[in-house]
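The following explanation is intended for a reader who meets this structure for the first time. It may be read with the sequence and the model side by side.

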Amino acid sequence: MHRVSKIFHPADSMLQKTKNTFGSKNQSLLIDYGLMKPLDKGTYYYLPILQRSINKTSALIKRFMHKIDAQEITIPNLTATEFWKKSGRYDDYQSELFQLKDRNDKMLLLGPTFEEVITHMMKFGQNIGEKQMPIRLYQIGNKFRDENARYGLLRCREFLMKDLYTFDMDKESSTQTYEEVNEIYDKFFKFLGIPFKKVEADAQQMGGNLSHEYHYLTPIGEQKLQECSVCNETSVNSTETGDSECPKCKSNRVEKCSGIEVGHTFLLGDTYTKRQKAHYLKGNKPVPMQMGCYGIGVTRLIGAAIEKLSTDSHLRWPFPIAPFSVCIVPPEKRSKAFNAASHYLDEIHNQLNSIPTLHDSILVDDRIRVTVGDRFRDARRLGIPLVVIIGKKASEPENPQFELHFIQEEKECYLSFNDLIAEITKYTQEKLKED
Ligand SMILES: [Zn+2]
């Protein structure tokens with residue numbers, strides 16, 4: 001059982017009031033409510049409640065990756081600078097790289113992305129035959145980028161990211177892979193339930209030829225975008241002046257907006273594989289593989305989701321990645337309901353916990369010396385989607401009723417034990433439905 005009193009949570013009371021002091025809601029709320037702590041500029045300790053959301057997000061991404069037969073691997077973060085010099089990216093990226101030297105004066109860097117290194121690994125597969133293709137490998141791990149960190153999880157110097165690399169036999173099949181990954185990205189972002197914009201992006205910077213970005217629109221987003229009011233197309237706005245036109249319908253009825261990039265797809269061709277001789281065998285002939293790379297910023301996505309959904313004083317999460325799905329508030333020690341209704345706590349907890357989609361996602365606010373009202377306030381601030389209160393009406397012997405609050409929807413109802421379980425089950429199924 002997850003108990004509020006046991007959760008490591010460095011704040012004086014459970015949740016203190018917050019003022020949006022950092023200019024972004026995710027940074028203010030996560031720090032003030034004790035979900036993360038800064039260590040240095042752009043690096044954070046993720047504390048237990050936030051860590052749960054990170055774990056859920058990672059698990060969800062893995063599930064979607066496995067739908068397209070991608071296999072999980074781990075790539076070392078510590079990589080020789082030489083790879084970046086050979087690929088030609090070193091000069092352009094140098095200022096963003098964290099670099100260090102080993103005891104033999106060999107230059108190393110902490111990877112911000114891994115195209116060079118994974119291509120180097122694929123070189124070892126010189127005996128990869130046509131039957132093994134396509135190959136899709138991904139990892140979820142920390143990345144490092146030396147830049148101006150700001151807005152909490154939106155721009156960090158150390159951050160968690162999913163990166164997928166795909167290898168195909170020819171251009172046609174790699175384009176198919178590109179479309180397949182884009183489709184699974186569409187489904188993933190749709191599943192999270194926050195409106196997103198997909199825009200065509202410049203593929204040049206990575207040395208590729210096709211690229212898309214996935215954005216959440218918010219005023220603090222760093223990517224300048226524009227929305228066309230005629231055809232609804234969103235595109236990158238690269239102009240300094242106001243006179244821009246929609247690339248699709250050529251209308252100039254476009255409105256500027258800002259986006260946070262939460263996902264990115266690149267079709268890379270053979271830029272990296274040719275240079276590093278990452279080949280497969282076509283018959284007996286070695287042929288460079290066709291490559292693609294695909295990112296989702298895990299911690300940035302969480303920060304961006306909080307930015308989109310939260311108020312200045314209340315955290316809100318997409319249901320699938322909320323740290324807990326349900327919070328149960330048992331009666332206060334001094335109340336009459338304490339003796340008459342406390343026994344329902346275990347029953348409700350066990351019933352809900354036995355539902356597979358809710359398993360391990362039930363929080364019990366066991367601080368029985370704190371009033372129900374104060375505990376309910378804390379659960380709302382934390383943004384737990386469903387709150388069950390075992391209060392006065394639960395102690396009626398004839399027809400005990402439980403209070404169910406839908407936090408996002410700001411509504412509540414009283415239900416019998418069976419109806420309570422049924423209603424929560426229904427709500428959860430609805431929220432976790434995949435197309
Ligand atoms: Zn248009």
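The model is predicted. Its protein chain is divided into two parts, domain 1 (6–309) and domain 2 (324–431). Taken over C-alpha atoms, the centres of domain 1 and domain 2 are separated by 38 Å.

In soluble globular proteins, nonpolar side chains tend to be buried together. Here, the largest nonpolar core comprises 87 residues, and Val326, Ile384, Val388 and Ile390 have the most contacts inside it. Domain 1 and domain 2 each contribute at least three residues to this core.

Helix H11 spans residues 372–382, and its buried residues are Val372, Arg375, Asp378, Ala379, Arg381 and Leu382. An α-helix has 3.6 residues a turn, so residues three or four places apart point the same way. Strand S18 (326–329) and strand S20 (386–389) are among the elements that cover the buried residues of H11. After H11 comes Gly383, with a positive phi near 80 degrees.

Attention now turns to a sheet. Three strands form an open sheet in the order S5-S7-S6, with antiparallel pairing. Strand S5 (78–80) and strand S6 (98–101) are at the edges and have a single partner strand each, so one side of each lacks a neighbour in the sheet. From one strand to the next, the twist averages 40 degrees. Four bridges join S6 to strand S7 (residues 107–110) in the antiparallel sense, and Phe98 has Leu110 in S7 as its bridge partner.

Methods
Residues numbered from 1 in each chain as written. Predicted model: local features only at pLDDT ≥ 70, side-chain atom pairs only at ≥ 80, totals over all residues. Buried ≥ 20, exposed ≤ 12 C-beta atoms within 10 Å, placed from the backbone. Helix = DSSP H or I, 4+ residues; strand = E, 2+ residues; numbered from the N terminus. Contact = placed C-beta atoms within 7 Å. Core = buried A, V, L, I, M, F, W, Y, C linked by C-beta atoms within 7 Å. Domains from an automatic or database assignment. Pairing = 2+ DSSP bridges. Axes fitted to C-alpha atoms, helices over the stretch in contact; angles between N-to-C directions.
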